[in-house]
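Biologist: Could you take a close look at one residue of this protein for me, and then tell me how the rest of the chain is built around it?

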Amino acid sequence: RDNHYYNDFKYKNKNTIYVGSTREYTTLKSAFEYAYSHKDTTIYVDAGNYDLVDEFGSTFFENYTNSSDKGLHLGFGMHVIFSPGATVEFEYTGDNANVKSYFSPFNSLNGDKGDFIIENLHITTASGCRYAIHDDRGNDTDYATHTYKNCILNHDNQNGGYLQVIGGGLSVNETIIIENCIFNQPDALYTQYVVSYHNSENSNAKNNVIIKDNYFINGTIGCFWHGTSTKKTTFLVTGNSTTYQVRVQANNL
């Protein structure tokens with residue numbers, strides 16, 4: 001196997017798989033489905049462009065409803081490492097309003113258990129969808145750390161969808177780490193939050209969010225109160241370059 005750009009990584013997860021045109025897994029969709037059903041999988045992604053509209057297929061989006069699969073699921077200890085030449089795109093140009101309201105190329109939603117790490121993800125475009133990444137596990141109570149490192153994430157809503165590149169809702173006992181990433185939402189006003197997290201509605205929610213050393217080509221960060229918890233969720237926002245001050249709606253933040 002060609003590991004020339006993987007030599008510096010020394011992870012000891014149970015499973016290691018590779019995605020690329022000459023690999024056993026030729027699509028991100030098939031690799032993520034394997035990782036989601038096999039705890040603690042490391043996925044190495046070869047250089048190349050991965051078109052998620054093509055991977056899911058036109059029939060999937062024609063029949064899409066709000067109860068359909070929401071995208072590539074994150075969790076269960078997966079560690080996804082993209083090579084420098086790997087790019088991902090999702091450009092939905094159809095007219096199914098459910099896709100624009102509910103589908104995100106990547107997501108961690110209610111029932112998606114455990115940690116994940118995403119490194120070097122480069123989304124060249126995500127459009128006609130809800131968010132580029134939907135990170136909201138609702139009232140799940142298991143502890144989890146979600147980490148995004150060295151990513152370049154582009155999302156626009158010219159064909160529907162929302163403005164957030166990452167739209168997040170915290171669970172009950174969770175840590176979010178976003179560092180050294182670049183965010184671009186060309187349709188956002190400079191005051192618009194393009195990365196946002198709200199607290200869980202659970203009365204026992206106490207979470208930690210660290211957003212540091214990121215560059216926002218436009219827009220800013222939003223931290224929002226939600227629910228009835230009187231415990232304090234900690235937001236550490238430092239070293240970021242944004243076009244506007246962080247937007248905070250705080251009661252239990």
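Modeller: Glutamine 192 is buried, with a relative accessible area of 17%; buried means under 20% relative accessible area, exposed over 50%, and partly exposed in between (1.4 Å probe, protein chains only). This is a predicted model, where local features need pLDDT of at least 70, side-chain atom pairs count only at pLDDT 80 or more, and totals for chains, interfaces and linings use all residues. Residues are numbered from 1 along each chain as its sequence is written, and side-chain values use heavy atoms, with hydrogens and water left out.

Glutamine 192 sits in the loop between strand 15 (182–184) and strand 16 (193–198). Apart from neighbours within four places in sequence, glutamine 192 is in contact (heavy atoms within 4.5 Å) with Leu163, Gly219, Thr220 and Arg247.

Now for the rest of the protein. There are 4 helices and 21 strands; these are DSSP runs numbered from the N terminus, with helices being H or I of at least four residues and strands E of at least two. Of the 253 residues, 52% count as buried. Among contacts between residues at least 6 apart in sequence, 83% join residues at least 24 apart.

What about the cysteines? The structure holds 0 disulfides, a disulfide being a pair of cysteine sulfur atoms within 2.5 Å. Cysteine 129 is buried at 0% relative accessibility, and its sulfur is 16 Å from the closest cysteine sulfur, in cysteine 151, so the two are too far apart for a bond. Cysteine 223 is also buried, at 3%, and its sulfur lies 16 Å from the closest cysteine sulfur, in cysteine 181, again too far for a bond.
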